[in-house]
Amino acid sequence: GVAAQRAEEIVMGMQDAYAAGEISVQPDVESFRLVLRAWSQAAHKGEEEYAPHRALRLLQWMANLFESGQNDLLQPDADCFDIVLSAWVKSNHENAPRKTEEIIMFMDRLYTNGNELAKPTRMHFNKVLAAWSKSNHHGIAGPKRAEDILNHIIVRANDDPHLSPNIATYSAVAAAWAKSGHDDCGRKAEGILKLVEQRFRVHNDVYCTPDTILYNMVIDSHAKSPSKKSHLRARAVLDRQISMLKKGNKKCKPDVYSFTSVLASCASLHGAATKKEKLQAFEIAQSTFLEMCRSNVTPNHVTYGTMLKACGRLLPPGKERRRYTREYFRKACQFGCVGTMVMNRLEEAASPAQLKSLLNGHRKDSLPEEWTTAVPIFEKRKMASGKSSFRP
């Protein structure tokens, strides 16, 4: 924040000198824009807690100088507002979402009063939604507010097509629901996805092409839902994603996260589920894993850990559980995916005798190198340091 502070002092000195009659040092929009960027960067780096406040205050002073006739070169433009919006979005301040809304209203006021350069665009509204989707301080009120803003944008777009929501607009609202942890977050996030699918399918809106990120977000929100049917809904979304890909939309191609999130929804089936429901969930997990492999999507250490979790939680002790536990652990070994999660879930799924047999005398901190070749380095360090909860 030191650089931003010094830059602000310089531009303030320039304005004071200009007001005193030194016309040659009159600051212009670019002068102020450079300072706004400095404060925005300070907010992004976490160097100054009040950086976004300082950026907004400078923007307000800039607008006041222009409106009062004290400096005719300081008419704020949309880029200045964008810089300040970004500062708030990056800041993670509790009141960031509300501040971004205030900034949009500030833009609207200037535009209504004749400043054509301050007209809010879709990009500016998307940043407001990004602030709401990032916020962890407002509970269920956050995604509800994001949805209200989306509806406001849709209404305004009737008069100004340039404001029409794009994939980033809808994704921000879906993200707000996905992060909320609300019991209904999966259904709400999927509702946003269906709006996108409809705009793409019915209106052929290329700016609303459903992509992998949005589908993954919705699948993951179902996976985190406490509903006993969440795994069915997650799998249904993946089916739509695959269908969309087959129809030619390459932007929505399922990746390792798409498939693994469905597996996680199966493995996390509510504890009160019946034996039949658990077996059905395991069958869905198993078929999803096989389809993942057929789709040339490479399972990772989380994928194998999740399948072992499914073995331990969905299959009763016995022959089938031993069989699939052995199968998925050996695959993890074969493809170098034995990380902390695999080891922890193996302990849950295997009996002491099977665990000893599968490890073949190895310990968690001295596994064969070929078992861990595809495991991220931080996972290997965690295992080597003994920080894993796994007990050999």
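Predicted model: local features only at pLDDT ≥ 70, side-chain atom pairs only at ≥ 80, totals over all residues.
**Entry 1: H2 and H4**

I started with helix H2 (residues 29-45) and helix H4 (residues 78-91), whose axes lie 8 Å apart at an angle of about 10 degrees. Angles under 35 degrees count as roughly parallel, so H2 is roughly parallel to H4. Then I looked up who touches whom. On the H2 side I noted Val29, Arg33, Leu36, Arg37, Ser40, Ala43 and His44. Their partners in H4 are Asp79, Cys80, Ile83, Val84, Ser86, Ala87, Lys90 and Ser91. Sorted by class, the contact of H2 with H4 has seven nonpolar, four polar and four charged residues.

**Entry 2: H8 and H9**

Next I checked helix H8 (residues 167-180) against helix H9 (residues 185-202). Their axes come within 7 Å and cross at roughly 170 degrees, which makes H8 roughly antiparallel to H9. I noted the crossing of H8 with H9 as left-handed. H8 brings Ile167, Tyr170, Val173, Ala174, Trp177 and Ser180 to the contact. From H9 I wrote down Cys185, Lys188, Ala189, Ile192, Leu195, Val196 and Arg199. What classes do the residues of the contact of H8 with H9 divide into? I get ten nonpolar, one polar and two charged.

**Entry 3: H11 and H12**

H11 puts Ser230, His231, Ala234, Arg235, Leu238 and Gln241 into the contact, and H12 puts in Ser258, Phe259, Val262, Ser265 and Cys266. For the contact of H11 with H12 I have five nonpolar, five polar and one charged residues.

**Entry 4: the largest pocket**

Finally I went looking for open space. The largest pocket has a volume of about 170 Å³. Which helices each supply at least two residues of its lining? I found helix H5 (96-112), helix H6 (122-134) and helix H7 (141-157). I listed the lining residues as Glu101, Ile104, Met105, Asp108, Phe125, Val128, Arg145, Ile149, His152 and Arg156. By class, I have five nonpolar, one polar and four charged residues in the lining of the largest pocket. Among the charged ones I marked Glu101 and Asp108, along with Arg145 and Arg156.

Terms used
Residues numbered from 1 in each chain as written. Heavy atoms only, no water. Axes fitted to C-alpha atoms, helices over the stretch in contact; angles between N-to-C directions. Helix = DSSP H or I, 4+ residues; strand = E, 2+ residues; numbered from the N terminus. Parallel < 35°, antiparallel > 145°, perpendicular 65-115°, else oblique. Left-handed = near helix turned anticlockwise from the far one by under 90°. Contact = heavy atoms within 4.5 Å. 1 Å grid on protein atoms, 1.4 Å probe; cavity = no way out; pocket = protein on both sides within 12 Å on 5 of 7 lines; lining within 4 Å. Points joined across faces, edges and corners; volume = space filled by probe spheres on them.
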